[in-house]
Amino acid sequence: MLKNQIIYKQLNHVAKLEKTFLNQNENTFIKNNMQPVIDKLQEKIPEKVKTTLDLTFYKGFQFVFEKGNAYIEKTYDKDSILLEHDLNNYAVDKYMSKKHLKNMNKKSNQSKTLNQSISFLEGGVLGLFGIGLPDIPLFISVILRTINEIALAYGYQYNTNEEKIFIMYIICGSMTKGETLKEYDEMINLLGKNIDTGNTIDCNLEDVMKETSQVLSNSLLLAKVIQGIPVVGVLGGIVNPAIISNVGKYANLKYKKRYLLRKIQE
């Protein structure tokens, strides 16, 4: 009974954080002063560049999922993260303390902070040399590394197509706002529930990768074009850690919620 009380209290806390995330307001200064300029600049970018960026992100996801995940896993200790989760999970069951839930959260936040630093160096250095599109597979790798480590911290593997789709929608949600974000959030919640209860998932990974590529392309179009201009490109590279921060924050909310809901069913 006490464990459930702690779990429900944590779920209420997550719900409040979700509400804040889903209803975050756009920065007024950016919306009123910078957004019109950004919109005008984006209108001048040829459609061919947009199409190329869509395809580059899609090919990047294909490459990383098919060949890159094994290399990503070499950059962190997967077994150690899972062992730490098992110890915290056992302690949650045995001692009924929220301390060990916080340990999982702490581990996921550490991963997010480290990957923000990596993405800043990757984006900034490549931008300095005028490299924009070629850094996309590296950028995708850092995004997936961030989510993978968070998933492991809560005891979730990420190698099945269903989990990859869950991850893709987390990326989509973290890159959108308003009603679009809320629609993705509902899909993520339903998808997580269906995966954890063994229900059939009516989604195609290839289609979701294409959708995610378009979301990223639309969000990063100007930044990636700027990143292709030497020296000025450093400004485009600065966008990367902000994205990693947002992705990490959202992924932590969604995996923590799945974990807590699963604990209630045990």
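I count a residue as buried under 20% relative accessible area, exposed over 50% and partly exposed in between, using a 1.4 Å probe and protein chains only. By that cut-off, 48% of the 266 residues are buried.

The model is predicted: local features need pLDDT of at least 70, side-chain atom pairs count only at pLDDT 80 or more, and totals for chains, interfaces and linings use all residues. Residues are numbered from 1 along each chain as its sequence is written, and side-chain values use heavy atoms, with hydrogens and water left out.

Fold. I looked up the secondary structure as DSSP runs (helices H or I, at least four residues; strands E, at least two; numbered from the N terminus). I found 11 helices and 0 strands.

Contacts. I took heavy atoms within 4.5 Å as a contact. Of the contacts between residues at least 6 apart in sequence, 85% join residues at least 24 apart.

Aromatics. I paired rings of Phe, Tyr and Trp (its six-membered ring) with centres within 6.5 Å; planes under 30 degrees apart are stacked, over 60 edge-to-face, the rest tilted. The whole structure gives 6 pairs. Phe21 and Tyr250 are stacked, at 4.7 Å centre to centre and 10° between the planes. Phe21 sits in helix H1 (residues 2–22) and Tyr250 in helix H11 (residues 239–265), 229 residues apart. Both Phe21 and Tyr250 are buried.

Next I checked Tyr154 and Tyr259, a tilted pair at 6.1 Å and 45°. Tyr154 lies in the loop between helix H6 (136–153) and helix H7 (161–174), and Tyr259 in helix H11. Tyr154 has 1% relative accessible area, Tyr259 0%.

I also noted one aromatic cluster of Tyr156, Phe166 and Tyr255.
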